[in-house]
Amino acid sequence: MNLLAFAARSLRRELRHGELRTLGAALLLAVAALTAVATLGQRVEQALLASAAELLGGDLGVAARRSLDPSYAAEAQRLALRASASAEFPSVVFAADRSRLAQVLAADAAYPLRGTLRVRGADGSERDAAAPPPGSAYADHALLVALDLRVGDTLQFAGTPLRVAAEIVRQPDGGQLFTLAPRLMVALDEARARGLLGEGSRARHRLMLAGERTALARFQDWVRPRLADGAELVTVAEAQQNLRSAFERGEAFLRLAALLAALLCGIAVALAAQRYARRKIDEVALLRALGAGRHTVLATLGLVLLMLALPACLLGAAAGLGLQQAVLLWAQQLLPAAPPPPDAGPALAAIGVGLAVLIGFALPPLARLRDVPPVRVFQRHLDSAPRGFDLLYLLPPLVAVALIRSQSGSSAVASAIAGSLLGVVGLALLAGLLLLWLLRRGGSALPGALRFGLANLARRRSLSLIQVTTLALSFTALMLLAIVGPGLLDTWRRELPPDTPNHFLINLQPEQATAVATRLGALGARQLNTLPLAVGKLLAINGKAPRAEDFSDRRAAGWINGETRLSWSEALPPANRLVEGHWFGAAAATPEASVDRLWVDMFHLKLGDTLTVGVGEQRIEARITSVREVDWSSFRVNFFLLLDPASARSLPHSVLASFHLPRGHATELAALSRDYPNLSLIDVDAILDRVRDIIDRVAAAATWVLGFSLAAGVLVLLAALSVSADERRFESALLRTLGARRGQLLAAVLGEFLLLGLIAGVIAAGGAIAAGRALGSGVFRIAWTPPPAAFALAVLAAAALVTLAGWLGARRVARSSPLLVLRRE
Amino acid sequence: MQATGEPLLRANDISKTVPGPDGPLQILDGVDLAVAQGASLAIVGASGSGKTTLLGLLAGLDTPTRGEVVLAGERLGALDEEGRAALRRRLVGFVFQSFHLLPALTAEENVMLPLELDGRAEARRPARDALDAVGLAHRLHHYPHQLSGGEQQRVALARAFVNAPRLLFADEPTGNLDAHTGRAVSDLLFALNRSHGTTLVLVTHDPTLAARCDALLRLDAGRIVTAPAAAAAGA
């Protein structure tokens, strides 16, 4: 027979009756949620990265301490990438009798490729600008104040007079968020002409690129093996520790929401398929009796599903794309940059995942239909022959694990989610079995209707277990999304409290520290935190001079070949956490060191190893006695290497201070700079504003993503409850026929569902709390405390929701004539 | 129609044993029978005597533990499930006690089903004719739940005869119907049987219905206690 035509007719007929509609809707929602979440996630992420690119002044760059190989620019041109060359170096700038060490940025006319250079002219008006032409310069406020200059005045730079054409308001900074001195900007040709960029200069050369993503990726692949000694890639992700940490965590959260939505839809598909398969048993038996072969039955089923799935997936993808577009239109003003147009990748991937979910979750129950014996048309009690163990039932967990693995993007997220969900399944099954045992033992003591309701739970043993497990799983996901997720985000946001240090003082001499602190205190500075800063060199690890090529981490070379900044402190500094060993004792007999975990991993260190550092003429060989985990996004002064104060105090050093000072103290700070000309003052308010902005936007985007996942959760709830709907309807009709009052029926159903919802809710709360703790410490690196009130409310809401859904279903049954219901069965 | 020549259906010493809680349970024990082309055989017996099991074995829906069933010259034991399904598709029709109409399909679509399974391009016209023949031309687009029990069984009869099977198995076809409707349905069944020249194997509790068959086989605890008259059964 023509299977295709037969399947098409079957699908058309069955769609009229809604059994497959549930499955189609589950699939549609799954793909819609996945598409919306993945596309939205990708576009928001790209918009965020674009804003980071604005901070960076380009999408990608190459930087080195020497002139860059011309082949880099040539390859960029070949790939149709826009390029801008620049160099950065310290230089002393003079004006009349004043002098100041400035950080000079020499850039070509193409600068900046991304973001804007904002300057203020002599008339006080702000405008976007390109790099200054030769003969002129831009200076930032700190430099103007230090040299007592105004826009239009002239300064001396490398023996040449330059006119200050404008004041720098804001500039993309090539990933150097913290510059150590006031800034001056000149034309690249100017610096070249003054011989400031030749051999032996201290300039850091940079070639920034911008353009199409694939071209950038090709350039990155091309340049990586060609990077000469000391040259490095400047990427958005590697640009700055603080921003990177913000992106990683934001991205992890978006992925988490998408993953849970996909898993919820998988559960919904499994439940719908289970119910569909149960309903199909009689039909399959009849078809087999009428002479349809086993393969015909299976092939027809497969074709029906495919014909349902493909349009559902396509519709879902379209709906998902529409939804995310609507969200972006609504939230456009929240995004720092216009998001790129959506590409088909996430939608196609979502369709692929949707089909995998369908096959993975729907195949096991449907495949069992092939074993329905045709003789069942005479003997309805004959179900398919029981199998001890069906390999197919491994499929859903395998698909779930593959989903978790592929969508989480991090093994820490994957193991936190998989572990907690697995725990929830185990607990739900255990609790379910225990409850059923208790009901069998003590259920007869309960009043009539309630006894009947709870006896139902015990009698439909496997259905009850399926319901408790799936309800617990979906409530876990919902609690993760509704309570844990926002809680984690909130904790993360609160990590940057309003009084986060917003100024850094560098190069403060130890004898000036007290006086400066007093003046800052008088200005109203809070959170003043000072640490000594010594600049030295890492000479040996365990007595052996380290070689960069011995370490796979490319960052190691920077510390081995360059300078190492270190400090010392009596107490563990804020934003540091001791993860191994012990903090320095009162008076150590031999020098002790504490290192950040990054160093431990990078240099393969362990407690007891020795590090030899040279500062000036002095050498210190210190034993590692502790390992710290530093929160680099805390905007505090932090060091990879700390020494014990007793051993390090005599090292030549300056003092570094961080503090919070409300805005509006520019004049007083300028005066401080003038009185202590050796000081470098960094205002990080602008940087902090941007970081806070980004965190807020990630949080806003994540809230939208959560909405989709919640819809998926509701679908699972309905699907889970419909699992036993057929039996329940029949039994209710039977009871009504036997004379049960409507109130008795409702009491039976309410008792059953209330218990079901309560158990699922309690287990889900446990699972969500465990997952939240694991995610907090393992992924978001924040200490998250579960809010007891919110979880208690969630458990009650879960019980209420399940009871309400049960009541709505029972009401329908109780209203209809028992005779009609019986005839329908 | 009189029986002639080689029987259409033959069972040789068939037995069926299933596992039970206290060891193997013998449901059928050494049943022999033969039904000639065009004849009708009633299988009667108390509940649990093995009637339905025998019907399932004769129709190739299940396989005997011992013995052999030959249907239209084909030894069912030599065929796999796919082969038996193909044979059923070509030669066999069914009528069930509980009708077994698919609730999701209309009366017309239910009747079209055997033709569609057999790959017939045109199924609608014969289905309408078959429904017309059972007096339900006005109920084509009704769903099973919108039909009375008698109407449902008439749809089932239309479905059973629509592809002109050589052999019809009926399992208590009037068991779920009142006496009046049951009589009407059985009249229809025998009328169709005659007009199509179909061989009929019928399981029933109803002595009146059994009496209308050419031969009668009584089962008790899985054994034949009254064998069909040789002439009527054609053996």
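**Notes on the two-chain model**

1. Let's start where the chains meet: the contact draws 24 residues from chain A and 27 residues from chain B. Please keep in mind that this is a predicted model. On the side of chain A that touches chain B, the elements giving two or more residues are helix H1 (3–17), helix H8 (241–289) and helix H24 (818–824) of chain A. H8(A) gives the most to that side, with 5 residues. By class, the residues on chain A's side of the contact are 12 nonpolar, 5 polar and 7 charged.

2. Next, have a look at the sheet in chain B. Here 6 strands form an open sheet with mixed pairing, and their order is S6-S7-S8-S3-S9-S10. Strand S6 (92–95) and strand S10 (223–226) of chain B are the edge strands; each has a single partner strand, so one side of each has no neighbour in the sheet. From one strand to the next, the twist averages 25°.

3. Strand S3 (residues 40–45) of chain B pairs with strand S8 (residues 199–203) of chain B in the parallel sense, over 4 bridges. Leu41(B) has Val201(B) in S8(B) as its bridge partner. Helix H1 (residues 51–58) of chain B packs on the sheet, where it touches S3, strand S7 (167–171), S8 and strand S9 (215–220) of chain B. The direction of this helix makes about 150° with that of S8(B).

4. The axes of helix H3 (residues 107–117) of chain B and helix H5 (residues 149–161) of chain B come within 7 Å and cross at roughly 30°. An angle under 35 degrees counts as roughly parallel, so H3(B) is roughly parallel to H5(B). Their crossing is right-handed. From H3(B), the residues Ala107(B), Asn110(B), Val111(B), Leu113(B) and Pro114(B) meet Val155(B), Ala158(B) and Arg159(B) of H5(B). Sorted by class, this contact has 6 nonpolar, 1 polar and 1 charged residues.

5. Ala73(A) is placed in helix H3 (residues 70–78) of chain A. Leaving out residues up to four places away in sequence, Ala73(A) touches Ala83(A) and Leu207(A). Ser84(A) is 11 residues from Ala73(A) in sequence, and the two are 9.0 Å apart in space, C-alpha to C-alpha.

Terms used
Residues are numbered from 1 along each chain as its sequence is written. Chains are lettered from A and ligands numbered from 1 in the order in which they are written. This is a predicted model: local features need pLDDT of at least 70, side-chain atom pairs count only at pLDDT 80 or more; totals for chains, interfaces and linings use all residues. Axes are lines fitted to C-alpha atoms, for helices over the stretch in contact, and angles run from 0 to 180 degrees between N-to-C directions. Angles under 35 degrees count as roughly parallel, over 145 as roughly antiparallel, 65 to 115 as roughly perpendicular and the rest as oblique. A crossing is left-handed if the near helix is turned anticlockwise from the far one by less than a right angle, and right-handed if clockwise. Two residues are in contact if their C-beta atoms, placed from the backbone, lie within 7 Å. Ala, Val, Leu, Ile, Met, Phe, Trp, Tyr, Cys and Pro count as nonpolar, Asp, Glu, Lys and Arg as charged, and the others, Gly among them, as polar. Two strands pair if DSSP finds at least two bridges between them.
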